[in-house]
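Reader: Please take a close look at one part of this model for me. I would like to start from a single side chain and then see how the surroundings are built.

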Amino acid sequence: MWRGLLLFAFLLPISIVLVQPVAYALSISAMVVWWKTPKANRPAYAFGTVILVFLAVVVATSVFGIRPETSFKKFNRFLVLAAAWTIPWIIHHFPADERSARLGRLVGCFLMGIGLKAAFDFIRVPVLVSMDVPLFLTGSMRDPQFYLVGVCFAAGMMLTKGWSLRYPPTWAALLFSAAGLVIHFKRGAWAATLAALAVMSLASRRWRPIGMAGLVLLGLLLVPSVRERVGQLSREFDPEGGGRMLLWTEIGPELIGQHPFGVGWKAVKHEDFVAVSDRVEPKLNHLHNNFMQVTLELGWAGLAVWLYWMGSILFVCWVAHRRCRVSDPVVSGVALGTLGAFSGLMFNGLVEYNFGASEIFMLMMMVMGLAAAVHSTAAECPPDSGR
C-alpha cells in the first residue's frame, strides 16, 4: 500500500485516467484493512466526524433535491475520501522515527510528477502555438492548480530547510512548478499562488518569499503576453458578457434564493441557469465559485459544514508547522507546504468551482490526507518546539 501511495502521488499531476484506478484501489484496500484491524489499534482521523456530517448533508439534500437520480450517479466520487484517509493511516503504521522521511518522500513523488508534467507542457505549448493555436488557449484550468500546489510544497520545504537549499532537485521542483504555472496564463491561479505564499509567509514569519514572488510578478509584467492577459480581466466583470459577474450577481443569488435548502449534489443543469438569464455561456452548469456552488447544491447548512471542514484542514496544518518547526523541519515543511497549497486552492475556488472538478477534488484529497498525517505526526514533537 505504501508503494501504491507513492504511485498515486506521482501520477496525480500527470493523468486522471492513470491515477483514478490507483486511488480507488488504495481506498478499497485501506477500508478492508481498517475493518480487520482491532478498534484499539485504529488511529484517530482528524476530519472523520466533519466528513460524516458533510456526507449526511449531501445525502439529505440530494434525496429531497430537484434531481435525485442525477445526484446519486455522482456519489462515486466520495470513494476518494478514503484515499485521503489512507495517507495518515499508512504513515501511522511506520515506526515513529521513519514517519518524517516518509512524508518527505511522498511530497517528493508528487513533485516528480509535477516536473514531468511541466516538461511536457514546455514542449506542448510551443508546438500548439506553431500550429496557430492562440497562446491563451493552450492552457487549461486544471494544470495550473497542480503547479500552484507544487510551488507551495517546494517553498514550504525550502523555508523550513526540510530539504537542503544546496540540493538541485529542490530548486528544480520550485522552478518547474513556477514555470508551468506561468505558461498556462490563468490569472486566477497566479493570484491564488501569491495569496498562498502570503499565508505561508505569515505562518512562518518569513516575508522574503512573498517579496521575491512580487519581484517575479513585476518582472513578468514586462512580458507583452502577460500584460495582455492581465488586461483582459475586465471582461470577466461585465455582466452583459455572460462572464463570472453575471453568475455571482444574478444567477447565483436567484437560484440560492429559490432553493435555500439546496438542489442536491451535482444536480444543477445549464437550463437552470438559462431560466434566470439567457446571457449565460453555452453549456455552463456551475457558478465558478466554491462557496456559492456549495450553497446552491447543499443549502446554507451544507455551506456551514463545508466551511468548518475546510477551516479545520488549514488549522491543523498551521498547528503542525508551528509545533515542529525546530525539532522536525521535514514535518514542519510538509505542514507549511500543505497549508499554502490548500489555501491556494481555496483562493482559486473564489473564481473557479474546483471542489467539483474530478482532478482537483482528488488533489484536494491528497492535500487533506497530508494535513491529517502531519497532524498526527506533529503530536510526537516536543510541545515547546515552536516557541
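Author: Phe-347 lies in helix α15, residues 329-348. Helices here are DSSP runs of H or I with at least four residues, numbered from the N terminus. The model is predicted, so local features need pLDDT of at least 70 and side-chain atom pairs count only at pLDDT 80 or more, while totals for chains, interfaces and linings use all residues. Residues are numbered from 1 along each chain as its sequence is written, and side-chain values use heavy atoms, with hydrogens and water left out.

Phe-347 has a relative accessible area of 35% and is therefore partly exposed; buried means under 20%, exposed over 50%, and partly exposed in between, with a 1.4 Å probe and protein chains only. Leaving aside residues up to four places away in sequence, Phe-347 touches Ala-192, Ala-195, Ala-196 and Val-199, where contact means heavy atoms within 4.5 Å. Phe-347 and Ala-189 are 158 residues apart in sequence, but their C-alpha atoms are 8.5 Å apart in space.

Arg-205 is found in the loop between α9 (187-204) and α10 (208-220). Its phi is near 60 degrees, a positive value in a residue other than glycine. Most residues other than glycine have a negative phi. Arg-205 counts as exposed because its relative accessibility is 59%. Lys-266, also not a glycine, has a positive phi of about 60 degrees and sits in the loop between α12 (244-258) and α13 (270-274).

Helix α7 (residues 143-159) is another case: 17 of its 17 residues are buried, so α7 is largely enclosed by the rest of the structure. Just after α7, Lys-161 takes a positive phi of about 60 degrees.

Technical notes
Helices (H or I, at least four residues) and strands (E, at least two) are DSSP runs, numbered from the N terminus.
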